[in-house]
Amino acid sequence: MTTGPGDQRPDGDDDLRGPSGPGGDQYGGGQYEGGQYGSEQYGAAPYGSPEYGSPGPGATEQGAPDYGAQPYGSQPYGSQEYGAPGYGASSGYGNAYPPPPPPGGYQSYPTDAGGNQMSGGGAPASLLPRFGARFIDGLIIAIPQQIILAIVAAAFGVSTGTLDTLGASIGYWAVTSVIAVIFAGIWVWYYVWFETHKGQTLGKQLLHLRVLGVRGGNPTLQESLRRNGYIVLGSAATVIGIIPFIGWILQFLIGIAVLVFVIVIAVSINSSPTKQGKHDEMAGGTQVVTTQ
């Protein structure tokens, strides 16, 4: 069989080549219009596929919404309508966004167990209002104490008070001694109880002051006893003063020590940038702040 230059295959296989000559294609291919051997016409879709422009299997007609799609303008499944209460809040399962904080962002004082909560203020209190609060607290206790002592002295015929025990009877000395012990306890109880339970004494409440403990809440029992140590010492001097002669001397000396300590507290408060006195330092870092 004679072959031309265009009919030869590089591998010499003549059985697989197609007819040569006009209308034939090299290497076993069909005519150009028919494409390669066994293939569809050029540009035609594969067998079984829809015609160009027609929807595919399972597809909807042109212009129709997709299967399961929401109509245009409708809300997604499970969402709220526009204008409904809480619109814009996510209600889907597994929402990772936390709820917004309450308006205002106010924050209350931290408290210990049994403490109270007070809002506002928080600036360190200066010396003058703190001194005024102590003065008011002293009057609240001292006035009833002196009234009771005056009544007892009048009942026993003593006009000079508790210091005149030489000319007084044993009964008067015994009664005034009991009164001294009771009021010594009242002085300590007043400051410690109000500070640990309310965060402020009556005097501090009138002048809008509050005592903060080391942890920010009301002072603990130990912290309050330490910061009011000079009150405890003065109350002890009152009890010691029951003893004639020696007790009076000790009471006088303790009174001098208390006065010196009060001066040190006043100086330390006035010079401290946080207005913390020496007694606050001894208590571990208590502080008096304003409440408005």
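**The loop at His208**

Tutor: His208 sits in the loop between helix H3 (202-206) and strand S1 (209-212), where helices (H or I, at least four residues) and strands (E, at least two) are DSSP runs numbered from the N terminus. This is a predicted model, in which local features need pLDDT of at least 70, side-chain atom pairs count only at pLDDT 80 or more, and totals for chains, interfaces and linings use all residues. Residues are numbered from 1 along each chain as its sequence is written, and side-chain values use heavy atoms, without hydrogens and water.

Although His208 is not a glycine, its phi is positive, at about 60°. Because its relative accessible area is 34%, His208 is partly exposed, a class lying between buried (under 20%) and exposed (over 50%), with a 1.4 Å probe and protein chains only.

Lys275, in the loop between H6 and helix H7 (278-282), is likewise a residue other than glycine with a positive phi, near 60°, and its 22% relative accessibility makes Lys275 partly exposed. Within helix H6 (residues 246-271) lies Val260, which counts as partly exposed because its relative accessibility is 48%.

Just after H2, Gly199 takes a positive phi of about 80°. Helix H2 itself (residues 170-197) has 28 residues and reaches 40 Å from first to last C-alpha, close to the expected 40 Å, which is 1.5 Å times one less than the number of residues. H2 bends by about 25° at Trp189, the bend being the angle between axes fitted to the seven residues ending there and the seven starting there.
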